[in-house]
Amino acid sequence: MKKSSSKKQMEDKLEIFAKIQKVNAPDEMYGNILSILKNRENTTVSMTWIRNAAAAILVLISVESYMLIAGDFKMNQDTTPTIESIIPSSNNLLIYD
Amino acid sequence: MNFQEIYSEHSNLVFNLCLHYLQNKEDAQEVAQDVFIKVYDKIHSFKENSSLKTWIYRITINTSLDFIKAKKRNKRIFLYSALQIDDPNRVIHAVNFDHPGVLMEDKESVEKIFQALNKLPVEQKTVVILLRLEQKTQAETADIMLKTIKAVESLFQRAKKNLNTILNENEGL
């Protein structure tokens, strides 16, 4: 009994929502939407630019990788250090003027 | 149907639904604009499994809920950083109530119920909004929410019970 009366009470409280009137959307809203869409189109980067940028980045990465690999290859070819590269050649001549 | 026709047919519906979720004119306008931008972007992918109106209802509900979530997150961050308050939930539900559809004499009582409504879980809140504020039938509500009529009925019963508890707690304060 108590349960049903509290439900009824809640229903009554919710009845107040029926009094809320529908309002019209603000007049400026459509204009705002159109300007957002227009601005977005202007700021959007075209696919051509994206493709060009991607191609440029790929070329740079390829060149960089090639240089690294070529450098490694050169170093690998010449692994045993010569005695000159370790001990700088010294001048053994003693000159007494 | 072109975009302008879609807008003129659904703008009031979207704006009023946003108002019911956000209870603030400025926020509702911002969200309603976002809704129409989403509609513009996704209209090509709209499959006619449901009516256009139902589809727009779903977009509006999801966008409003996302906005509320983002606003709560921002408030939480602000409160933690600026005030160092231990329990940010205390003020999270404070909405700047500005619903132009509410009559002056009803404002206080409607605001109280909206405050309680804002504390409900999102699905319960949505059911109350669609059934009582949008005056939709249970079948229409079920269609919009992608649920069975039975599930809608049960959500509504739970919503009423929780609303009653929240309102009684608030009156006791």
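**View 1. Helix 6 of chain B, mostly covered.** In this predicted model, helix 6 of chain B has 10 of its 12 residues buried. The buried run takes in Gln124(B), Lys125(B) and Thr126(B), then carries on through Val127(B), Val128(B), Ile129(B), Leu130(B) and Leu131(B) to Arg132(B) and Leu133(B).

**View 2. Helix 6 of chain B from end to end.** Here's a quick length check on residues 122-133 of chain B. With 12 residues at 1.5 Å a residue, helix 6 of chain B should span 16 Å, and its end C-alpha atoms sit 15 Å apart, so the two agree. Look just past helix 6 of chain B and you'll find Gln135(B), which takes a positive phi of about 55°.

**View 3. Where chain B meets chain A.** On the chain B side, 24 residues are in contact with 21 residues of chain A. Helix 6 of chain B turns up again here: along with helix 1 (3-22), helix 2 (25-42), helix 5 (107-117) and helix 8 (149-172) of chain B, it supplies at least two residues of the side that touches chain A. Helix 2 of chain B gives the largest share, 6 residues. Sort that side of chain B by residue type and you get 13 nonpolar, 8 polar and 3 charged.

**View 4. Confidence along chain A.** Chain A averages a pLDDT of 80, with 68% of the residues scoring at least 70. Among the elements of chain A, helix 2 (residues 28-43) has the highest mean pLDDT, 90, while helix 4 (residues 83-86) has the lowest, 62.

Key: Residues are numbered from 1 along each chain as its sequence is written. Chains are lettered from A and ligands numbered from 1 in the order in which they are written. This is a predicted model: local features need pLDDT of at least 70, side-chain atom pairs count only at pLDDT 80 or more; totals for chains, interfaces and linings use all residues. Helices (H or I, at least four residues) and strands (E, at least two) are DSSP runs, numbered from the N terminus. The expected span of a helix is 1.5 Å times one less than its number of residues. A residue is buried if 20 or more other C-beta atoms lie within 10 Å of its own, exposed if 12 or fewer, and partly exposed in between; C-beta atoms are placed from the backbone. pLDDT is the predictor's confidence in each residue, from 0 to 100. Two residues are in contact if their C-beta atoms, placed from the backbone, lie within 7 Å. Ala, Val, Leu, Ile, Met, Phe, Trp, Tyr, Cys and Pro count as nonpolar, Asp, Glu, Lys and Arg as charged, and the others, Gly among them, as polar.
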